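Please have a look at it first.

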Amino acid sequence: MKDSLLSLDVNGQSHRLDVPADTRLIYVLRNDLCLNGPKYGCGLGECGACAVLVDGRAVRSCAIGAKTVQRHRIVTLEGLGSAENPHPVQRAFIEMQAAQCGYCLNGMIIATVALLNSTPQPDESQIRQALKYHLCRCGTHMEILAAVRRAIVLTAELQAETPS
Ligand code: FES
Ligand code: FES
């Protein structure tokens, strides 16, 4: 397919890219912008490893064309926080050591941020529903759930400290 000029807003920066018009978002993020937070798992929209935030909602970047998210605000794992200053959800996952291989964690963290964006105090069933279609082949589900519960606390604390 013919190349087309894309304009993407990723992690607060504007990018102009010349890529084939049907390129999926994950390839633009990983190959053109060198953002390797989103992981390539199934490539079919089923595992959640490739999730990113689009206007604050979790979207599977392997399953959508980059063209369709022009004029939307895209945030990847890298855009949430840094090693020195992690996002509260990232902090919670580190504190709870919620990883074995870590391959699923991008999606778990992005799904948790999206959940807390829409529902700051989710109950257990809302947490489980939000993570239901994110696969972890290592079986760290219990630690991941504990990390989400910790993220709720850390996010609430941060909001209480932030002057309105
Ligand atoms: S790699 Fe996108 S959902 Fe599995
Ligand atoms: S920690 Fe390995 S896939 Fe989840």
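How much space lies in the largest pocket? The answer is about 180 Å³, and before I go further, let me say that this is a predicted model, in which local features need pLDDT of at least 70 and side-chain atom pairs count only at pLDDT 80 or more, while totals for chains, interfaces and linings use all residues. Residues are numbered from 1 along each chain as its sequence is written, chains are lettered from A and ligands numbered from 1 in the order in which they are written, and side-chain values use heavy atoms, with hydrogens and water left out.

Rolling a probe the size of a water molecule over the atoms shows where empty space is left. Here a pocket is an open set of points on a 1 Å grid over the protein atoms alone, where a 1.4 Å probe fits and with protein on both sides within 12 Å along at least five of seven lines, and lining residues have an atom within 4 Å of a point. Grid points are joined across faces, edges and corners, and the volume is the space filled by probe spheres set on them.

The lining of the largest pocket includes Ala51, Arg57, Arg60, Leu115, Ser118 and His134. Strand 4 (57–60) and helix 4 (105–118) are the elements that give two or more residues to this lining; helices (H or I, at least four residues) and strands (E, at least two) are DSSP runs, numbered from the N terminus. Domain 1 (3–80) and domain 2 (88–161) each supply at least three residues to the lining of the largest pocket, with bounds from an automatic or database domain assignment.

Turning to the second largest pocket, its volume is about 150 Å³, and among the residues that line it are Met108, Arg128, His134 and His141. Helix 5 (124–131) and helix 6 (141–161) give two or more residues each, and helix 6 gives the most, with four.

Finally, the backbone. Aspartate 55, in the loop between strand 3 (51–54) and strand 4, has a positive phi near 50° although it is a residue other than glycine. Glutamine 97, in the loop between helix 3 (88–95) and helix 4, is likewise not a glycine and has a positive phi of about 50°. Aspartate 55 counts as partly exposed because its relative accessibility is 40%, whereas glutamine 97, at 58%, counts as exposed; buried means under 20% relative accessible area, exposed over 50%, and partly exposed in between (1.4 Å probe, protein chains only).
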